[in-house]
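The exercises below each set a task and then walk through a solution.

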Amino acid sequence: MRRIAFYTLGCKVNQADTASMESIFRAAGYEVVPFTEQADVYLINTCVVTNEGQRKSRQIINRAVRKQPLSLTVVTGCYPQTARDEVKAIEGVDVIIGNQERGRIVELVEQALTHKQEQILDNVQQMTVDTKFEELGVGTETDKTRAFLKIQEGCNQYCTYCIIPFARGPLRSRSLASIKEEIAKLVAAGYKEVVLIGIHLGCYGKELAKEGIKLTLADAVEAALSVPGIERLRLGSLESVEVEHRLLELMQKDSRLQRHLHLPLQSGCDKILQAMHRPYNTAKFRSLLAEIRAALPDVAITTDVIVGFPGETEEDFLTTMTFAKECGFAKMHIFPYSMRKGTPAAAMEQIPNSVKEERAKRLGVVDRELQLKALEAVVGSEAEVLFEQPVDDKHIEGLCGPYMRVVVLGSKELAGEIRRVKLTGIVDDWLTGELIS
């Protein structure tokens, strides 16, 4: 039995892609082993969303080559998709494959094993508007309690800072039949919660309009919830302008759809939003938050913010800080702007790294204040918690509906169980609680 080891960098979509590839190799008779162990094949699923992601991707590729020079090194994902010649130039790489046709991954690896070191096997495919969603089966053999199902791929937004449309191609969506089929597999495998994810999740089905097919994310959610046995459903990141009223109605009607929305803001300054080519301004964003909270008063809204975008003055940054406070986010993920070669923002006047880091720290103080306020708001209430893993010999942690961590007195036997908990306090950035018998 051949052994294969995986290393995944980057987003939840990459993690889902890796899980799918693991499943394909297992079905072909391979043993999946940790990346630290000896293997016949090392597969690195790469990330290029930031300079750090690309740097680490190169680092892990080189580590695999040095670790086992006679093993096969396979590089997949966004790095070869956007810089195939750069990846091919890395000594020791045997196979490169981008973000399409990964259903052929075993075939390509077998071919390369037969002809090891004769030449690099290049299977990076250019994606066009005619490229279809690659409906890879979901991976079910992990120790996780939550599963991530990719239902959407690609992006047509072309924000000026972002390389993802080049790495992931145009919009394409998983069929409703495939969504139901894959969720049924996850339910049968024992998963209690499924997270629907995509590169531009809120655009699910949009590209099908040219074929006269009208589908939206709400249709995908309804399809998922129709699967017998699904206990909890959660949504990945989506744009605020794509939160349709029908989606809010589903959240109101069905408690299995968790009361959490991740809506990237990126900047709270209209000048910067325009320079970023974002599809809204602060007035629109504020209005949408009000509409969402009117429909779902208990919803938790988290966000992403980029600081130090080219042209961002101190005044612009202060405007973002003020707007973030007004929005009352439950959590902010803060990123110093990372220049990506080939994007319009790379040609703009750049801000020193020291300024970006300093602004990230200042916004982090605001984030901490907002997060504490959100946690305090739920202390004293009860919540359904999906327990995941032990913290120590006496405590176990899990996730409640608003995407907040909860720790209770309990053993590892609770992992994978959904239990009702009285939320009693706050420690650092998580909640403490007591099991309700």
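## Exercise 1: a strand residue

V75 is part of strand β4, residues 72-77; strands are DSSP runs of E with at least two residues, helices are runs of H or I with at least four, and both are numbered from the N terminus. The model is predicted, so local features need pLDDT of at least 70 and side-chain atom pairs pLDDT 80 or more, while totals for chains, interfaces and linings use all residues. Residues are numbered from 1 along each chain as its sequence is written, and side-chain values use heavy atoms, with hydrogens and water left out.

**Task.** Decide whether V75 is buried or exposed, and list its contacts.

**Solution.** 
- Step 1: Recall the cut-offs: buried is under 20% relative accessible area, exposed is over 50%, and partly exposed is in between (1.4 Å probe, protein chains only).
- Step 2: V75 has a relative accessible area of 0%, so V75 is buried.
- Step 3: Look for contacts, meaning heavy atoms within 4.5 Å. Setting aside neighbours within four places in sequence, V75 contacts I44, T46, I61, P80, V87, V93, V95, I96 and I97.

## Exercise 2: a loop threonine

**Task.** Find where T160 lies and which backbone oxygen its side chain approaches.

**Solution.** 
- Step 1: T160 sits in the loop between β7 (146-153) and α6 (164-168).
- Step 2: Its relative accessibility is 11%, so T160 counts as buried.
- Step 3: A polar atom of the T160 side chain lies 2.7 Å from the backbone oxygen of A275.
- Step 4: Not counting residues up to four places away in sequence, T160 touches A275, M276, H277, F309, T343, P344, A345 and M348.

## Exercise 3: the whole chain

**Task.** How many helices and strands are there, and what share of residues is buried?

**Solution.** 
- Step 1: The chain has 13 helices and 18 strands.
- Step 2: Of its 437 residues, 54% count as buried.
- Step 3: The C-alpha trace spans about 65 × 55 × 50 Å along its principal axes.

Methods
Polar contact = N/O pair within 3.5 Å; in protein donor to acceptor, adjacent residues only side chain to side chain.
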